[in-house]
Amino acid sequence: MDKVVGSAAEAVADIGDGASLAVGGFGLSGNPMVLIEALLATGVGDLKVVSNNCGVDDWGLGLLLGAGRLAKMTASYVGENKEFERQFLSGELEVELTPQGTLAEKLRAGGSGIAAFFTPTGVGTQVAEGGLPRRYDGSGGVAVASPVKETRTFAFAGSEREFVLEEAITTDFALVHAAKGDRHGNLVFNKAARNFSPLAAMAGRVCIAQVEELVEPGQLDPDEIHLPGIYVHRVVHVGTDIEKRIEKRTVREGGTIGAGAGSDGATAAGASTGKEA
């Protein structure tokens with residue numbers, strides 16, 4: 001079952017207006033940039049995207065956002081993108097903020113056939129009680145607010161605790177970046193790029209993976225595989241010579257670069273030349 005397609009453009013060709021997408025990435029680690037750029041080139045819009053964050057103004061999902069292609073963003077962190085703030089406050093973009101662990105579990109549950117689950121995260125806050133702004137009206141008022149969620153008390157770990165019901169997430173498509181993959185769609189992720197990518201892949205009814213290194217079936221050790229190919233439907237080989245960015249570079253005394261996540265999940269710890277590790 002060879003899942004390799006000839007180009008990113010071919011891989012995303014059937015993503016239409018209004019589609020929902022689960023997109024891998026953690027900060028700028030593991031952003032499927034080749035697929036995002038191919039999707040941008042199609043001109044589709046009104047997209048509903050689920051991802052940990054929305055990139056930055058000129059990278060990651062920020063490219064689709066800046067072009068006005070996103071209708072709704074479900075994320076746990078959105079603080080690195082000024083255009084995101086502008087669109088949200090002006091009422092152009094609907095935003096569903098979700099606790100990070102809850103977002104991860106909502107994606108995993110969707111990919112596992114679990115419709116909903118109870119979690120203590122968010123109990124006693126607007127996450128459970130509702131009222132979080134999802135869309136503004138452009139004049140400072142709230143046009144759409146989050147709903148009240150069901151809560152229930154369970155005996156858990158030796159005590160009675162309250163939990164909130166969270167529904168799973170499934171999407172029409174998933175876009176992910178992997179360090180390595182085979183023709184059957186088995187994938188290996190690198191470091192921080194693994195944080196959300198397998199979960200996003202699971203949640204998409206059609207998963208498209210861009211891979212840096214493409215190998216033949218059987219060349220990956222079964223214990224090395226992070227995501228089995230049953231979740232992956234299309235594979236695009238992009239090679240290793242692709243641009244990767246570091247979200248934040250910090251310089252300490254002595255001219256060395258501190259930690260900053262690169263798009264391949266590596267951390268920068270090079271000299272003051274700014275080279276990625």
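Is Phe-163 buried or exposed? Phe-163 is buried, with a relative accessible area of 5%. Here buried means under 20% relative accessible area, exposed means over 50%, and partly exposed lies in between (1.4 Å probe, protein chains only).

The structure is a predicted model, in which local features need pLDDT of at least 70, side-chain atom pairs count only at pLDDT 80 or more, and totals for chains, interfaces and linings use all residues. Residues are numbered from 1 along each chain as its sequence is written, and side-chain values use heavy atoms, with hydrogens and water left out. The predictor's confidence in each residue is its pLDDT, from 0 to 100. The chain averages 91 on this scale. A score of at least 70 is reached by 91% of the residues. Over residues 266–277, pLDDT stays under 50. For this stretch the model has 30 contacts beyond four places in sequence, a contact being heavy atoms within 4.5 Å. Where pLDDT is low, the predicted coordinates should not be read in detail.

Phe-163 forms an aromatic pair with Phe-156. Rings of Phe, Tyr and Trp (its six-membered ring) pair if their centres lie within 6.5 Å; planes under 30 degrees apart count as stacked, over 60 as edge-to-face and the rest as tilted. The pair of Phe-156 and Phe-163 is edge-to-face, at 5.6 Å centre to centre and 80 degrees between the planes. Phe-156 is partly exposed, with a relative accessible area of 43%. Ring pairs also bring Phe-118 and Phe-154 into a cluster with these two residues.

The largest nonpolar core has 37 residues. Such a core is a set of buried Ala, Val, Leu, Ile, Met, Phe, Trp, Tyr and Cys residues joined through side-chain atoms within 4.5 Å. Helix H2 (residues 33–42) supplies the largest share, five residues; helices (H or I, at least four residues) and strands (E, at least two) are DSSP runs, numbered from the N terminus. Ile-15 is among the residues with the most contacts inside this core. Beyond four places in sequence, Ile-15 touches residues including Leu-39, Leu-47 and Ile-208.

Asn-186 sits in the loop between strand E10 (171–182) and strand E11 (187–188). Asn-186 is buried, with a relative accessible area of 16%. Its side chain makes a polar contact with the side chain of Asp-182 (3.0 Å). A polar contact is a pair of N or O atoms within 3.5 Å; within protein, one must be able to donate a hydrogen and the other to accept it, and residues adjacent in sequence count only if both atoms are side-chain atoms. The Asn-186 side chain also reaches the backbone nitrogen of Gly-229 at 2.7 Å.
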